[in-house]
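Please read these points with the structure open beside you, and follow each one along the chain as you go.

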Amino acid sequence: MLLAIDVGNTNAKFALYDGAAGQPLARWRIATDDRRTADEYMVWLDQLLRIEGHDRRAIDAVIISTVVPRALHNLRLLAQKYFGVEALIAGRDPVSWGTALRVDEPQSVGADRACNAIAAQAIAPGRDKLVVSFGTATTFDHIGPEGAYMGGIIAPGVNLSLEALVAAAAKLPRIAIEAPASASVIGRTTESQMLIGVYWGYVAMIEGLIARMKAEVGAPMTVIATGGLAPLFEQHAHLFDHIEPDLTLNGLMHLYHQRGQDA
């Protein structure tokens, strides 16, 4: 079995795949903490494996993608100490991306965005794709018909926007991000006004940036939403053709199976 690990700025996601068929067997997430040791990861992961009915001894491959470099050492140690394998690191030999990064600074493309491009290509080969990833930042990425990463947009994530608002305004309370109960954009309380501003303001930004990117590309695009907060916008089905919260992990699985190919 393959253990795929994607470390983001907020959460680290783990997924177990059937090594031969590439079928997802289980998925888990934990808060990102670059101080967490290999032993701590294993205590947590071993319990979850047992709950799901899996034997850790069946894991014979590990692949890692991270945008938090300091977390990498302990995850590599996790693979060595508890699974007896050397972890493959996405984007490093012998695991080249296998897809072109057609931007001015390809070395600066985040591993998660490159993995998303690989998984998006598996969903809609031969078409232009737009991947909207909802995480600490919200990114909009154009993937070409042949799978090349063509560039994109980085915007503050919805939680980051809300935290900045609360931090800068002493009287504003902390609220949970959720879809407003009403479609009205005129709030009657401070909390409802904040929720309307953050949620509907974000929907308007998503709509506007998707429309602008489609107009610039000038070809039909398959729009794919991913990230932990993607389900928050699921009710706006007209915006997305697919919602796949685990797109990055699926990209890691595809990358593992196509490793060794040149970009």
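1. Just after helix α1, the residue Gly53 adopts a positive phi of about 85 degrees. Please keep in mind, here and below, that this is a predicted model.

2. Helix α1 itself covers residues 38-51, and at 1.5 Å a residue its 14 residues should span 20 Å, which agrees with the 20 Å that separate its end C-alpha atoms. Seen down the axis of α1, the buried residues fall within an arc of 125 degrees, so they line one face of the helix. These buried residues are Ala38, Tyr41, Met42, Leu45, Asp46 and Leu49, whereas the face turned away from them carries the exposed residues Val43, Arg50 and Ile51.

3. What covers the buried residues of α1? The cover includes the strands β1 (2-7), β2 (11-17) and β3 (24-31), together with helix α2 (72-83).

4. Helices α1 and α2 pack at an angle of about 65 degrees, with their axes 8 Å apart, and α1 passes α2 in a right-handed crossing. On the side of α1, the contact is made by Ala38, Asp39, Tyr41, Met42 and Leu45, while α2 contributes residues including Leu75, Leu78 and Phe83. Sorted by class, this contact has 9 nonpolar, 1 polar and 2 charged residues.

Note on methods: Residues are numbered from 1 along each chain as its sequence is written. This is a predicted model: local features need pLDDT of at least 70, side-chain atom pairs count only at pLDDT 80 or more; totals for chains, interfaces and linings use all residues. Side-chain values use heavy atoms; hydrogens and water are left out. Helices (H or I, at least four residues) and strands (E, at least two) are DSSP runs, numbered from the N terminus. The expected span of a helix is 1.5 Å times one less than its number of residues. Buried means under 20% relative accessible area, exposed over 50%, partly exposed in between (1.4 Å probe, protein chains only). The arc is that of the directions from the helix axis to the C-beta atoms. Contact means heavy atoms within 4.5 Å. Axes are lines fitted to C-alpha atoms, for helices over the stretch in contact, and angles run from 0 to 180 degrees between N-to-C directions. A crossing is left-handed if the near helix is turned anticlockwise from the far one by less than a right angle, and right-handed if clockwise. Ala, Val, Leu, Ile, Met, Phe, Trp, Tyr, Cys and Pro count as nonpolar, Asp, Glu, Lys and Arg as charged, and the others, Gly among them, as polar.
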